[in-house]
Amino acid sequence: MTSTRLRTDVERLALPEGRTPGTRGHANAKSYLVSRLTELGLDPYGEAFELSYAEHPSLSNLIGVAPGTNRAADPVVIGAHHDTVIGTPGADDNAAAMAIALEVAARLKEKPAERDVLIGLFDGEEPPYFHGAEMGSTHFYKHQRRGPVHAAVVLDLVGHAVPVPGLEDLMFITGMESDPGLERVVTGLEQMGDLKIVTTLNEYVGDMSDHHIFTSFFPAAAGSTTTNPPTLPTSSTTTRWLASPTPSRCWYAGLPTARLRVPGRVTTPRPRT
Ligand SMILES: [Zn+2]
C-alpha cells in the first residue's frame, strides 16, 4: 500500500533527534535513505548514492537514478532536502517530501519515464547553509552534476498544515514563469479529491527552497520580466478561500495575487514575455 510506505518512510526519518548535519540523526537518516534507494533498485548517480563534499565531510547529497527509456535525453530532477532545522524532527520539513520522491521512484521503476529521473535528496538546505555555496542543491548543480538538467521539481513542506481556515487542503506550486507549459500541465491534472491547487509565480514567493539554483532556467534570468501587475481575487469562490480583510497582508505571499479559474483550481496571471 502506498500510504503505508509513505508513512513508514516518514516515521523512520522524523525522529526527535532531527537530521541536522554532523549529528547522529543526520548520519542515521542518510543510512536509511541509502538503503531505500538501494532497495528501490535505482542506479547511483555517481560512484555511490552518497555524494560527499570534498571540503565539508559532514554534508552529502544522496542521488539515485530511475533510468528512462531514452538515456540520451537530459534528465529531470525530483528534489527534496534531507536535513532539518535544529531541534525539529522534520516530518513536514522535509521527510514527507522525501517519502513522496521515493514513492515516485518506485512507480518509475515499474513504468519508466522517457527521461532519466534523478531522485535528489539534498543536504544543507536549512541555515546556515541556505542559499550559500554549501547548500546541497547548489553544490550538486555546480560540482556534482554530470550534464544538463531538463527540469527540476522541488518538494518542500508538502504535508504542511496551513494555519489559515479553509486552506488546509492546499497544494501550492510556484515557478510558473519557468516554462509556458508548466501551468497548463498542472491545471490539466485530474482533480485530486478536495485538494486545492494554487499555481503562482516564483517571484511572488521567492526562492524559499532548493529550486533556488534551478531558477537559472527561468526565462526571467535571460532578461524578460513580469510586466502585468497581479490582480486581487474577485470571485466569490476565491474570496471564500482567500478571504482576508487585508489580502495584501495574507500569510501566504503568493495567495493575494491568485485568481480563480475553476472551482478547485486557482492560478495567477502569467507574465508577458
Ligand atoms: Zn524545507
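Colleague: Before we start, what are the ground rules on numbering and confidence?
Modeller: Residues are numbered from 1 along each chain as its sequence is written. The model is predicted, so local features need pLDDT of at least 70 and side-chain atom pairs count only at pLDDT 80 or more, while totals for chains, interfaces and linings use all residues.

Colleague: OK, how many helices and strands are in the protein chain?
Modeller: Seven helices and ten strands. Those are DSSP runs numbered from the N terminus, helices being H or I with at least four residues and strands E with at least two.

Colleague: And what percentage of the residues is buried?
Modeller: Buried residues make up 36% of the 273 in the protein chain. Buried means 20 or more other C-beta atoms within 10 Å of the residue's own, exposed means 12 or fewer, and partly exposed is in between, with C-beta atoms placed from the backbone.

Colleague: Which residues have the most contacts inside the largest nonpolar core?
Modeller: Met98, Ala101 and Ile119, in a core of 39 residues. Elements giving two or more residues to this core include helix H1 (2–13), helix H3 (91–110) and strand E5 (117–122). H3 supplies the largest share, ten residues. A nonpolar core here is a set of buried Ala, Val, Leu, Ile, Met, Phe, Trp, Tyr and Cys residues joined through C-beta atoms within 7 Å.

Colleague: What does Met98 touch, leaving aside neighbours within four places in sequence?
Modeller: Asp9, Leu13, Leu33, Ala80, His82 and Leu121. Contact means that the two C-beta atoms, placed from the backbone, lie within 7 Å.

Colleague: Switching to packing, at what angle do the axes of H1 and H3 cross?
Modeller: Roughly 140°, and the axes come within 9 Å. The axes are lines fitted to C-alpha atoms, for helices over the stretch in contact, and angles run from 0 to 180 degrees between N-to-C directions. That makes H1 oblique to H3, because angles under 35 degrees count as roughly parallel, over 145 as roughly antiparallel, 65 to 115 as roughly perpendicular and the rest as oblique.

Colleague: Which residues of H1 make the contact?
Modeller: Thr2, Arg5, Leu6, Asp9, Val10 and Leu13, and the H3 side includes Ala95, Met98 and Leu102.

Colleague: Now Asp123, is it buried or exposed?
Modeller: Asp123 is buried, with 29 other C-beta atoms within 10 Å. Asp123 sits in the loop between E5 and H4. Not counting residues up to four places away in sequence, Asp123 touches Pro21, Leu59, Ser60, Asn61, His82, Asp83 and Gly136.

Colleague: Where are there cis peptide bonds?
Modeller: One runs from Asp93 to Asn94, with omega near 25°, and Asn94 is in helix H3. Another runs from Pro127 to Pro128, with omega near 10°, and Pro128 is in the loop between E5 and H4. Most peptide bonds are trans, and most residues other than glycine have a negative phi.

Colleague: Which non-glycine residues have a positive phi, then?
Modeller: His131 is one of them, with phi near 65°, and Leu157 has a positive phi of about 55°. His131 is exposed, with 12 other C-beta atoms within 10 Å, whereas Leu157 counts as partly exposed, with 15 C-beta neighbours inside 10 Å. His131 is in the loop between E5 and H4, and Leu157 is in the loop between E6 and strand E7 (170–173).
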